[in-house]
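Reader: I am new to reading protein models and would like to understand the words used for them. Could you take me through this one?

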Amino acid sequence: TGINALVFFMGDIFRKAGVENPDFAATITMFIQVIFTVVAVYLVESLGRRQLIVYSSMGLLICHLAFIILFFFKINGFLIVATAMLYFAAFSIGWAPIAALYACEIMPNRFKTIGIPLCFFCQWFLSFLITSTLSFFVEKFDLHGCFFIYFLFTLVGLYFGKCVMLESKGKTVEEMEIEFMK
């Protein structure tokens, strides 16, 4: 989704977008992330993991498109900050909590000691790659190009949520194992 690139470079992105007080805007945006992560705690059991991933992906895709348009046409200021806030809200209700939760819920107990750390290693390694390549991609494609790349990856995430991911709400690890064997 590109979330780590936005987290680590939000102040720079806001400065580049002409935001008057970029550090304050970044702080408020991160506060939005905390609030919507708490909201996700309550939604995950009522709506389910799969539905939240789909909603989260759709919200992120809308925000990616907004960022692409805003950065391409060099529309600065409040709209960039508002889009970032919506982006963090969308991420926080789905992908933020569910990526870790889902891995724990679907992993058979006999594989958890190696499987869960491997999942987190892959997640953080990819976050490292996304964050460490941002400067290169901004130089080559500008910010709107970066968000187009993130848009494509999020589109894959939406496909995963709608077509591949099995709902784990209310199911045991053993029941999920049976589901995967079908």
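Author: Let us begin with F14, which, leaving out residues up to four places away in sequence, touches V19, P22, A25, A26, T29, I80, V81 and A84, where contact means heavy atoms within 4.5 Å. The model is predicted, so that local features need pLDDT of at least 70 and side-chain atom pairs pLDDT 80 or more, while totals for chains, interfaces and linings use all residues. Residues are numbered from 1 along each chain as its sequence is written, and side-chain values use heavy atoms, without hydrogens and water.

Reader: Which residues touch the most other members of the largest nonpolar core?

Author: They are F14, F67, F71, Y87 and F147, in a core of 40 residues; a nonpolar core is a set of buried Ala, Val, Leu, Ile, Met, Phe, Trp, Tyr and Cys residues joined through side-chain atoms within 4.5 Å. Helix 3 gives the largest share of this core, ten residues, helices being DSSP runs of H or I with at least four residues, numbered from the N terminus.

Reader: Why is S168 called buried?

Author: Buried means under 20% relative accessible area, with exposed over 50% and partly exposed in between, for a 1.4 Å probe and protein chains only; S168 has a relative accessible area of 1%, and therefore it is called buried. S168 is found in the loop between helix 6 (112–164) and helix 7 (173–181), and, neighbours within four places in sequence aside, is in contact with R49, Y102, E105 and M176.

Technical notes
Helix = DSSP H or I, 4+ residues; strand = E, 2+ residues; numbered from the N terminus.
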